[in-house]
Amino acid sequence: MSQGYAIELYFDPALENQVLKAWNVLARRQISTQLIEIESRPHITLFSSPFIDPTKLESIIKTFASKQEPLPLSFSAIGSLPSDQNVLFLSPTPTVSLLQFHSQLCDAMKKEGIDTGEEYRPDSWIPYCAVAQEVPRPRIGEAFCVLRDLKLPVTGYVMDIGLVEFSPVRELCSFVLGNTVEA
């Protein structure tokens, strides 16, 4: 039974590999293996909801992706979310192009009658790429030290937008930005 659906941004192979490197170092040190175990892919979540028609979302993102170009992206900071899940993340520099991209997607969804919810509204959305989940509280400091060794900023491009079902994570579709052919 699906717990929900999410629209995610995916990176060029070099940037994705930098994020995977962080996942693997944290896994080797037995700090966090959650993202690897659920078979996630490095991403930034644009929208997530437990109650949504995935076929409607697929149509929206296919049309939206064809009108967009790859976005430059720079992960420039590490952080954590104030939640019980002990999530650590890489934070992208919030560029005008990234914020406009998200805002335009929200507008496209709103035109189709989809409410983004408070967390994903343009004025409250926090873009991030999770690198660890369910980090044991006593090991959060160690995890931060590992992530500091990444030598930020790490730069690259957002190349694709996808729709996933979770949990476990299963990609339903993915579209290359600026291209009408499915990835």
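Let's start at Glu165, which lies in strand 6. This is a predicted model, so everything that follows is computed from predicted coordinates. Is Glu165 buried or exposed? With a relative accessible area of 15%, Glu165 is buried, because the cut-off for that label is under 20%. The side chain of this glutamate has a partner: a polar contact of 2.6 Å joins it to the side chain of Arg170.

Which residues of helix 3 are buried? They are Leu57, Ile60, Ile61, Phe64 and Ala65. These residues cover an arc of only 125° around the axis, which puts them on the same side of helix 3.

Now for the largest pocket, which holds about 880 Å³ of space. Of the 29 residues that line it, the closest to its centre are Thr45, Gln85, Tyr120, Tyr128 and Gln133. Where does the lining come from? Strand 1, helix 2 (34-37), strand 2 and strand 6 each supply at least two residues, and the largest share, 3 residues, comes from strand 2.

One of those elements, helix 2, contains Gln34. At 18% relative accessibility, Gln34 counts as buried. Setting aside its neighbours within four places in sequence, Gln34 is in contact with Gln133 and Glu134, and Gln133 is one of the residues closest to the centre of the largest pocket.

Last stop: Ile78, found in strand 3 (residues 71-80). At 23% relative accessibility, Ile78 counts as partly exposed, because buried would require a value under 20%. Leaving out neighbours within four places in sequence, Ile78 is in contact with Phe89, Leu90, Phe144, Leu147, Arg148 and Leu152. To place Ile78 against another part of the chain, take Cys173: the two are 95 residues apart in sequence and 29 Å apart in space, C-alpha to C-alpha.

Technical notes: Residues are numbered from 1 along each chain as its sequence is written. This is a predicted model: local features need pLDDT of at least 70, side-chain atom pairs count only at pLDDT 80 or more; totals for chains, interfaces and linings use all residues. Side-chain values use heavy atoms; hydrogens and water are left out. Buried means under 20% relative accessible area, exposed over 50%, partly exposed in between (1.4 Å probe, protein chains only). Helices (H or I, at least four residues) and strands (E, at least two) are DSSP runs, numbered from the N terminus. The arc is that of the directions from the helix axis to the C-beta atoms. A polar contact is a pair of N or O atoms within 3.5 Å; within protein, one must be able to donate a hydrogen and the other to accept it, and residues adjacent in sequence count only if both atoms are side-chain atoms. On a 1 Å grid over the protein atoms alone, a cavity is a set of points where a 1.4 Å probe fits but cannot get out, and a pocket is an open set with protein on both sides within 12 Å along at least five of seven lines; lining residues have an atom within 4 Å of a point. Grid points are joined across faces, edges and corners, and a volume is the space filled by probe spheres set on the points. Contact means heavy atoms within 4.5 Å.
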